[in-house]
There are 2 protein chains.
Amino acid sequence: MTGSVPNAPRIPTVRDVAALAGVSPMTVSRTMSGGQNVSAEVRTRVHAAADQLGYRPNQNARNTRLRQPTGLIGVAVTNLGNPYYGQFALGIEDEAARHNRHILIGNSREDPLREAELLDGFTGRQVEGLIVVPAGNGLGFADRLGSLPRVPLVLATRSIEGLEKDTVLVDDVGGAHAGTASLIGEGHRRIAFLGDVDGIPTARRRFQGFTEALAAAGIPFDRALLAPVRDTAAASVAVQQLLGQPDPPTAFFSVNNRTTVGALRALSGHRSTTGGRASALASFDDVELADLLGIPLTVMSHDPRALGAQAASLLFDRLAEDRLPEHGPARPRLVQMPVTVRRYPSPPKG
Amino acid sequence: MTGSVPNAPRIPTVRDVAALAGVSPMTVSRTMSGGQNVSAEVRTRVHAAADQLGYRPNQNARNTRLRQPTGLIGVAVTNLGNPYYGQFALGIEDEAARHNRHILIGNSREDPLREAELLDGFTGRQVEGLIVVPAGNGLGFADRLGSLPRVPLVLATRSIEGLEKDTVLVDDVGGAHAGTASLIGEGHRRIAFLGDVDGIPTARRRFQGFTEALAAAGIPFDRALLAPVRDTAAASVAVQQLLGQPDPPTAFFSVNNRTTVGALRALSGHRSTTGGRASALASFDDVELADLLGIPLTVMSHDPRALGAQAASLLFDRLAEDRLPEHGPARPRLVQMPVTVRRYPSPPKG
DNA sequence: CTGTTAGCGCATTCAT
DNA sequence: ATGAATGCGCTAACAG
């Protein structure tokens, strides 16, 4: 027995493999990375030794030495549990896989502090780029970022006032406008708005489209019909309360999939207790099964997965450009994902 | 102008900061990591220089030198787009954040090759541990793993025959048994099974509970009622076909949330076209809004987020133990998450 | 084809 | 309290 207790079965290094194969570490390195200029005989010996030891090259050390990028992309979202961001992450992962990158993902929980921690951790781990859904209203985001991101940063879903970065947004204003117009076209005049207009920039943009459509139709908006809710439970409660009012709304505009689920729950319950005809709902974002509930539903739909893929695409464009800075840095790009309005049940033709 | 084109605004290192602050790199290092034995005056000067340059310590280099763990956890799931795994990932992220770790997440798409790539990438980047939902039927998983994982590995949702690793499963057999018994208690005798029994171990376990419950009630299972479907669209088609048969089933057992969505879509459509009473559905996994459809629904429910948290918890236990290997390695642990059966609409009391 | 030297960014150890 | 030397795992550059 030599040495101390072999409690820690050391992770094998080039040296270990070299010793076992009876060659120099350099030969191992060469063999592992392609095997140019290595005799077939030595190559097999090295591979055998590597397999036997379960050797895996340490990418971190490798990148350090090569001054090469790490192949890591940092992604920060506001609510990983939301199916929407699951699809979003999937879109990024697809694209990242295509470019041979891995993704580090973090959940900011709409908390700017947690978000700052995440971004710090990501940059510290030498990510090549960042894709961020800014937490909360995004105020102070630029400050929190400090001068940090020497790596490309793409903002998704929400933009930051005064921060000139590649950004992928949804056509919130246009989509909300179209969806609201659809409701109005069906005869609705009293339409409630469910969404935290002050807290979340996306909600504000959708509210803007909403009010624009109302204004275009000459309908004044009753501020009493604005419910600044942020999650499913609150939305449900708000809908119940609004329906209990003297002059209840005949339709609801729901700002995202979370509030939509809450609203549908309340509307469904209300219908079964009162027996009356159901109020209409316009939902920004798709919600699985929502179309089967028999509640008049207008969906302002877009594809979060495509949004994620687009964000990743912008990022990789930027990375490629940084490698070949021929024409100087391109100006930040803004992409708006299109929104489609659908009606359930489908309106009668003609 | 000295040197070549400063096209690449080099990422600042300790040296850059040291030069700017007029100290040695060592002093910068000390200052950045706690600041013990550094005079207040020097400390502020260093911090100022660091801020000015936007310096971030390179965690990779740091970990290399310290032979310290990277603070990274690798997670591989089979379908990131499934809300189930969104919740699962959230549970892991929560727990990881608590332990000051970041997560590298990858989507295997049920593809063993892609899974192998992912695990390779993760280990190459020196993750401290892995949480894996094995792709497909898990055959060959151990081989693909090779002797690699010198890092702790936790299997989630699916176990691998013959691979003794920490594992978190759902009580598939018991849950399926209870859910099926519930259907039988309501008088159902012809119950179809929707799920890829041969392809996915989880489906097989749920099928086992299903057949056990049938057997316990003395009901033979008609193999014609087995639909080996794997996704939403296929499930929907299968349900339509089964309902069109001469002697159609009166109830369906759906193996997971994907097949449930498909089944609900078909059942809902069938009800509205035929006007008849809806067939019952027993769903393994919750599906948002499913309870509002007016279709007799039995849900075998568990919390994927808790499952993720539990998997992470096992992993961190193992990591802690590796640091203090007092009693030798503990035997692999198997945790089964409980399943609750719920009925919608709620059965009348009494 | 193979080995030696040196250095990536950082921190431990030992001086001063 | 500060700095110089040294080495983590890996590989480019240069022998031979």
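## Strands around β10 of chain B

Strand β9 of chain B covers residues 280-284. Four bridges join β9(B) to β10(B), and the two strands run parallel. The model described here is predicted.

Strand β10(B) spans residues 297-301. Another partner of β10(B) is strand β12 of chain B, residues 340-344. Five bridges hold this pairing, which is antiparallel. Within it, B:V299 has B:R342 of β12(B) as its bridge partner. β10(B) is mostly covered. Four of its five residues are buried. In a regular strand, side chains alternate between the two faces of the sheet.

## Chain A as a whole

Chain A contains twelve helices and twelve strands. Its radius of gyration is 27 Å, well over the 20 Å that the globule rule gives for 350 residues, so chain A is more spread out than a compact globule. The C-alpha trace of chain A spans about 85 × 50 × 45 Å along its principal axes.

Of the 350 residues in chain A, 47% are buried. Now take the contacts in chain A with a separation of 6 or more. Residues 24 or more positions apart account for 71% of them.

## Two copies, one axis

How is chain B superposed on chain A? A rotation of 180° does it, with 0.0 Å of shift along the axis. The RMSD is 0.1 Å. The two copies are thus related as by a two-fold rotation axis.

## Where the chains meet

In the contact between the chains, 48 residues of chain B touch 48 residues of chain A. Several elements of chain B each supply at least two residues to its side of this contact: α4 (59-66), α5 (83-98), β2 (102-107), α6 (112-124) and α11 (257-274). Helix α5(B) gives the most, with seven residues. By class, this side of chain B has 21 nonpolar, 20 polar and seven charged residues.

Of the interface residues of chain B, 100% are also interface residues in chain A, so the copies meet through the same surface. Strands pair across the two chains as well. Strand β2 of chain A, residues 102-107, pairs with β2(B) in the antiparallel sense. Three bridges make up this pairing. In it, A:I103 has B:I105 as its bridge partner.

## Around DNA strand C

DNA strand C is surrounded by 24 residues. The closest are A:S24, A:M26, A:R65, B:T13 and B:S29. Two or more residues come from each of α2 (25-32) and α4 (59-66) of chain A, and from each of α2 (25-32) and α4 of chain B. Helix α4(B) gives the most to this surface, with five residues.

The surface near DNA strand C has ten nonpolar, ten polar and four charged residues.

## Around DNA strand D

By class, the surface near DNA strand D holds eleven nonpolar, ten polar and four charged residues.

Methods:
Residues are numbered from 1 along each chain as its sequence is written. Chains are lettered from A and ligands numbered from 1 in the order in which they are written. This is a predicted model: local features need pLDDT of at least 70, side-chain atom pairs count only at pLDDT 80 or more; totals for chains, interfaces and linings use all residues. A residue is buried if 20 or more other C-beta atoms lie within 10 Å of its own, exposed if 12 or fewer, and partly exposed in between; C-beta atoms are placed from the backbone. Two strands pair if DSSP finds at least two bridges between them. Two residues are in contact if their C-beta atoms, placed from the backbone, lie within 7 Å. Ala, Val, Leu, Ile, Met, Phe, Trp, Tyr, Cys and Pro count as nonpolar, Asp, Glu, Lys and Arg as charged, and the others, Gly among them, as polar. A residue is near a molecule or strand if its C-beta atom, placed from the backbone, lies within 6 Å of it. Copies are superposed by least squares on the C-alpha atoms of residues with pLDDT of at least 70 in both. The radius of gyration is taken over C-alpha atoms; the globule rule is 2.2 Å times the number of residues to the power 0.38.
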